[in-house]
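These are my notebook entries from a first look through one structure. I wrote them for a reader who is new to it.

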Amino acid sequence: MSNKIDVAILGATGSVGQKFIELLSNHPWFNIAEVAASDRSAGKKYSEATNWIMQSPLNKNIAELIVKNSEPNLKSKIVFSALDASVAGEIEENFAKNGYVVISNARNHRFDEDVPLLVPEVNYQHIDLIHQQKFGDGFIITNPNCSTIGLVMALKPLHDNFEIEAVNVVTMQAVSGGGYPGVPSMDIIDNVIPFISGEEDKMEKEPKKIFGNLINNKIEFANFKISASCNRVPVIDGHTEIVQVKLKSKPAKDEIINVWKNFSSEPQKLNLPFAPSKPTTYFDVEKYPQPKLHRNIDKGMAVAIGRLRDCSILDYKFVILSHNTIRGAAGGAILIAELLKSKGYLDKYL
Ligand code: NAP
């Protein structure tokens, strides 16, 4: 048929799994060959096992695939995991032990010493940690939390150019971040919920690993301070974050805007299919960014930034917005797979 690389999706019936299917349906390099989920879904046609909630119609070929168990007997050696965190840890480890490449959205292995927590534009050098992994012939790479991804992309050019000393972030997170069906409608309509279990801890820890330096095959965590407050708001897709930063060398506003406008990294250099052409886009319009207007910029893979202004507590404050299920989950994981492929890390698995 084609010379695309066969891939499998674990947790294919969930909301992130569906986003993988939507995004990979016409991917130039990857072909969805297998879908897997729990025993509840295994053995059924995909269209019967899933409650399709994506906006585009379900691809007819995928609809006919029979859902498999999430066991390491799949023929595709490249596996995207959108598994529920209650089961992801062990299942992903089993796949890696059995010679599969696992690119995961789940939190379970994010802080394993030898597992990269990867955002291709920010810390692509951390891929080399996989050589330390002892899972067996395969390896695991993790995608950070959806709110962390937007935050670290906006902070990366600031950290490289002006060195971050402290960050305070307050999030307004979309309901799709909690999976389907997520927060009950009676709880979220006409409301804001000022708590998302585990989220603040992730946002305060993950950036320090991502901005860490790989020294002697280990990550030395970055040591700037981060404080996070996370809220669930009645938006379907797109996490908005209000960020305050303290920078070591206090630059002028224009310098900050310039580094965002000029930010480009390895995925852009390699011209990867899912790479946003501009990872960070700054808007001068005061009322931007907004989830309804900007979550899909650059294929939903870029971070929209606006409202840079002085902060009387730290140095500057601004607003960022990123698509939580595209850049913050499935799209981010696909970009990792593209990076692995283009750098030759998948060769021995094909
Ligand atoms: P979800 O809608 O609840 O989907 C969970 C998936 O896991 C389903 O396919 C389910 O299959 C499968 N599963 C559950 N128990 C299983 C078992 N025992 N064995 C095998 N498969 C099992 O969750 P989601 O929102 O898509 O999130 C998936 C993962 O991505 C989670 O770890 C989440 O934390 C992470 N994540 C989510 C987002 C987001 O924006 N939603 C962003 C970043 C990361 P069945 O249908 O067969 O039960």
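**Entry 1: ground rules.** I am working with a predicted model, in which local features need pLDDT of at least 70 and side-chain atom pairs count only at pLDDT 80 or more, while totals for chains, interfaces and linings use all residues. Residues are numbered from 1 along each chain as its sequence is written, and side-chain values use heavy atoms, with hydrogens and water left out.

**Entry 2: around the ligand.** I found 28 residues around the ligand, of which Thr13, Val16, Ser38, Arg40 and Ser41 come nearest; a residue is near a molecule if one of its heavy atoms lies within 4 Å of it. I then went through the polar contacts, taking such a contact as a pair of N or O atoms within 3.5 Å, where within protein one must be able to donate a hydrogen and the other to accept it, and residues adjacent in sequence count only if both atoms are side-chain atoms. An oxygen atom of the ligand lies 2.7 Å from an N or O atom in the side chain of arginine 40. At leucine 83 it is a polar backbone atom that sits 2.8 Å from an oxygen atom of the ligand. For asparagine 324 I noted 3.4 Å between an N or O atom of its side chain and an oxygen atom of the ligand.

I also looked up the cover: on its own the ligand has 910 Å² of accessible area, and the protein covers 81% of this (Shrake-Rupley method with a 1.4 Å probe; for residues, only the protein chains shown count as cover). The elements that give two or more residues to the shell are helix H1 (15–24), helix H4 (85–97) and helix H13 (326–342), where helices (H or I, at least four residues) and strands (E, at least two) are DSSP runs numbered from the N terminus. By residue class, the shell divides into 12 nonpolar, 14 polar and 2 charged; here Ala, Val, Leu, Ile, Met, Phe, Trp, Tyr, Cys and Pro count as nonpolar, Asp, Glu, Lys and Arg as charged, and the others, Gly among them, as polar. Domain 1 (5–145 + 330–349) and domain 2 (147–323) each give at least three residues to the shell, with bounds that come from an automatic or database domain assignment.

**Entry 3: the sheet.** What is the order of the strands in the open sheet of 6 strands? I read it as E3-E2-E1-E4-E5-E6, with parallel pairing; two strands pair if DSSP finds at least two bridges between them. Strand E3 (68–69) and strand E6 (139–142) stand at the edges with a single partner strand each, so one side of each has no neighbour in the sheet.

Strand E1 (residues 5–10) pairs with E4 in the parallel sense over 4 bridges, and alanine 8 stands opposite valine 79 in E4. E4 and strand E5 (residues 101–104) also pair in the parallel sense, over 4 bridges, with isoleucine 103 in E5 as the bridge partner of phenylalanine 80. E5 and E6 run parallel and are joined by 4 bridges, and valine 102 stands opposite isoleucine 140 in E6.

**Entry 4: serine 81.** Is serine 81 buried or exposed? Serine 81, which lies in strand E4, is buried, with a relative accessible area of 0%; buried means under 20%, exposed over 50%, and partly exposed in between, with a 1.4 Å probe and protein chains only. Serine 81 stands opposite serine 104 in E5. The side chain of serine 81 makes a polar contact with that of glutamate 92 (2.6 Å), and reaches the backbone nitrogen of leucine 83 at 3.4 Å. Leucine 83 is already in my ligand entry for its polar backbone atom.

Entry 5: In helix H6 (residues 146–162) I looked up threonine 148, which counts as buried at 0% relative accessibility. The side chain of threonine 148 makes a polar contact with the side chain of glutamate 206 (3.0 Å).
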